[in-house]
Amino acid sequence: KPHINYNLIPNVIYTWPEVASVGKTEEELKEAGTAIKVGQFPMRALGRARASGDIDGMVKIIADEKTDEVLGVHMIGARVADLIAEAVTAMEFRASAEDIARMSHAHPTYAEAVKEAALAATADRALHV
């Protein structure tokens, strides 16, 4: 019988821009007393988003402060209904933010925002909450 982790079922809202998320929110993790770090990346910084004129939105990755395991991913922007699958896959295999940051992403793509948010979560500039 298959095992289903209900924490890893993506949520998508088909508005414009689209909204997608998987895992825990910052608020849920703070309430649970989990030390986290957060990395964000704006869609407007992507060459692909600028070329298409879809610059609204961002990707946020929340990781455990000690282990770097990704605990939640939240996105707003063009094509995030498709991009959330990368986050679900990474979280299913208990990837760290650094794991995602080290993966090669095609350029220019919207998926680069996921990589950049993960990189921001692993860098010294990550917001430690």
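Are Glu26 and Lys60 buried or exposed? I checked, and Glu26 is buried, as is Lys60. A reminder to myself: this is a predicted model.

Next I looked at how these two meet. Their side chains form a salt bridge, 2.7 Å from N to O. Glu26 sits in helix H1 (residues 26-31) and Lys60 in strand S4, so the pair ties together parts 34 residues apart in sequence.

I then counted salt bridges and got 4 in the structure. One of them joins Lys37 and Asp68, with the closest N and O atoms 3.0 Å apart. Lys37 belongs to strand S3 (residues 36-42) and Asp68 to the loop between S4 and S5, 31 residues apart.

Arg94 and Glu69 make another salt bridge, at 2.9 Å from N to O. Arg94 counts as exposed because its relative accessibility is 59% and the cut-off is over 50%.

On to the nonpolar residues. The largest core has 32 of them, and Val22, Met43, Val59, Ile61, Val73 and Met75 have the most contacts inside it. Helix H3 (80-92) is among the elements giving two or more residues, and its 7 residues are the largest share.

I zoomed in on Ile61.

Last, I looked up the record: UniProt's unreviewed entry puts a "Pyridine nucleotide-disulphide oxidoreductase dimerisation" domain at residues 9-118. That stretch is 35% helix and 28% strand.

Note on methods
Residues are numbered from 1 along each chain as its sequence is written. This is a predicted model: local features need pLDDT of at least 70, side-chain atom pairs count only at pLDDT 80 or more; totals for chains, interfaces and linings use all residues. Side-chain values use heavy atoms; hydrogens and water are left out. UniProt positions are given in the numbering used here, feature names are shortened, and annotations may be inferred rather than shown by experiment. Helices (H or I, at least four residues) and strands (E, at least two) are DSSP runs, numbered from the N terminus. A nonpolar core is a set of buried Ala, Val, Leu, Ile, Met, Phe, Trp, Tyr and Cys residues joined through side-chain atoms within 4.5 Å. Buried means under 20% relative accessible area, exposed over 50%, partly exposed in between (1.4 Å probe, protein chains only).
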